[in-house]
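Please keep the sequence and the structure at hand while reading.

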Amino acid sequence: MLIGKPLFIPPLLQPLTTYTNTTSGEIFDFYEIKIQALTQQIYAGKQATNLIGYNGQVPGPTIKTTIGRRSVVRFINEEARPASIHLHGSPSRPVFDGWAEDVIQQGEYKDYVYPNHSPRTLWYHDHAVHITAINAFFGQAASYIIYDPAQEATLGLPQGNYDVPLVITDRIYQTNGQLVSPAGEDDSYFGDVIHVNGVPWPYLQIEPRKYRFRLLDASLSRSYKMRILDARGVVVPMVVVATDSGYIEHPVTTNELILAIAERYEIIVDFTKYAGQTLHLRNARDFSSNEDYAKTDFIMQFVVGQVVTDASNNGPIPQDLVDLDLPVNTNTIDRSFLFERTNSEWRINDIGFADVANRILATPTPGSTEVWELENSSGGWAHPIHIHLIDFKVLTRNRRGVEPYEAGFKDTVFIDENETATVIARFHPWTGQYMFHCHNLVHEDGDMMAAFDVGNTKAQPSNGDNFSDPLSTTFAAKPYRSTDLVEVQTQLLPYISSLDIYPPF
């Protein structure tokens, strides 16, 4: 039976302690996450599948916090492979951004400090140099949600049990129930089993009312072109209200949605008239460079009940969501980057991340606005491009154009075969070195990653500040012994608070 298990909803991670700076009013929540091995019984009669996840679960626990509160997240690595954690979509300081070489070895920990500056759906995942694909594939990925209670009360969109994260991945299993690892793969990894929140082809029992789904493509190489079909095969509309970087100005109704690797979209689906029906979230065949298998056109089911138990936040979707301060198109191209495979190597402008002397490909002036041209002129591969630190606006894309639901700020743009896109961004609020790369993680590990240095700091504090060098030893991983919450409350959090890491921006 294809659809057989209910959707797993990752639990919310609670802070272990909280500290308030009585002078500034800043609030710091302290969380702890262990990178741990686990087994998960995917198929009856087979071996339990070996995985490595955050706090021993896949996906890891969801962190949900409010704007303005700071998060201090201690990641402890109990496993053999190094780890580096990137909060994808956050304007984190370089020392807390998950620089690929800033790793946590087995038996070490690192405290990451995050600003939580605006409401959006983010995700945290591994970013260790040359092994990101393996670490993420075996389970090191999870959702991270920042929300604004006042804004949510005004908009009246679905919340609580009606606000559901959907983390989509694909994998291949051996006949014994263990996974076929992406280790050694140098092209792309396309699984034949689609998972949502770690469960193959699950179902979700829902009520006949509006739901918000936070979509995330956490696959290694597969992008999706999805739609929802009712019991008769008729398309059910989706209303896009947010992109990678938060709400768009006006909702966009669509019958089909492209979800590329690392992209997030928040959609509202109204199930009111589908009481008693089973609806299917489907994936298109022959999309992009994906490899199709027998059932990769299925994603999950929605089993709609007959009764609504809570009618709150179930009204009309406002036609005006937010006002965005989008940068004005300068009608120029400031920098051009070619993403290509040359001599069996993945490169950006013929440079790979391992080329330490030459991998800084841009030095934007702090606060400046630039237009970047991102080109994928080679056939055979798609490249979803992620730029750290910034939110950008997609200006143009040849061939299919910019999708209407790409209307807001984003941090990842999908560039299919023989496509070129331009994006515009303000390079702020911090100086220092950040990465940009293809988010097909096989390509990233194959060195399709480079860096930019806001302010041309050259990793020197005198050119930036104490947080500009991603490899600063002050904030590097340290040997782990234990976590003393009294020490965290009385020493660590007051010290972090005193550094003024995230002044208002």
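## Aromatic pairs

The structure, which is a predicted model, holds 32 aromatic pairs. One of them joins Phe-75 and Tyr-112 in an edge-to-face arrangement, with 5.6 Å from centre to centre and 90 degrees between the planes. This pair links distant parts of the chain, since Phe-75 belongs to strand β5 (residues 70-77) and Tyr-112 to strand β7 (residues 108-114), 37 residues apart. Phe-75 counts as buried at 1% relative accessibility, and Tyr-112 is likewise buried, with a relative accessible area of 0%.

Phe-427 and Phe-452 also form an edge-to-face pair, at 5.7 Å centre to centre and with 85 degrees between the planes. Phe-427 lies in the loop between β30 (419-426) and β31 (432-438) whereas Phe-452 lies in strand β32 (residues 449-454), so the pair ties together parts that are 25 residues apart in sequence. Phe-427 is buried, with a relative accessible area of 1%, and for Phe-452, also buried, the value is 0%.

## Cluster and charges over rings

Phe-75 and Tyr-112 belong to one aromatic cluster that also includes Tyr-54, Tyr-114, Tyr-124 and Tyr-144. Elsewhere, Arg-171 lies over the face of Phe-137, at 5.6 Å from the ring centre, and Arg-209 lies over the face of Tyr-162, at 3.8 Å from the ring centre.

## Strand β13

Strand β13 pairs with strand β22 (residues 298-304) in the parallel sense over 4 bridges, and Leu-204 stands opposite Phe-302 in β22.

Key: Residues numbered from 1 in each chain as written. Predicted model: local features only at pLDDT ≥ 70, side-chain atom pairs only at ≥ 80, totals over all residues. Heavy atoms only, no water. Pairing = 2+ DSSP bridges. Helix = DSSP H or I, 4+ residues; strand = E, 2+ residues; numbered from the N terminus. Phe/Tyr/Trp six-rings, centres within 6.5 Å; stacked < 30°, edge-to-face > 60°. Buried < 20%, exposed > 50% of the residue type's maximum accessible area, 1.4 Å probe, protein only. Lys NZ or Arg CZ within 6 Å of the ring centre and 35° of its normal.
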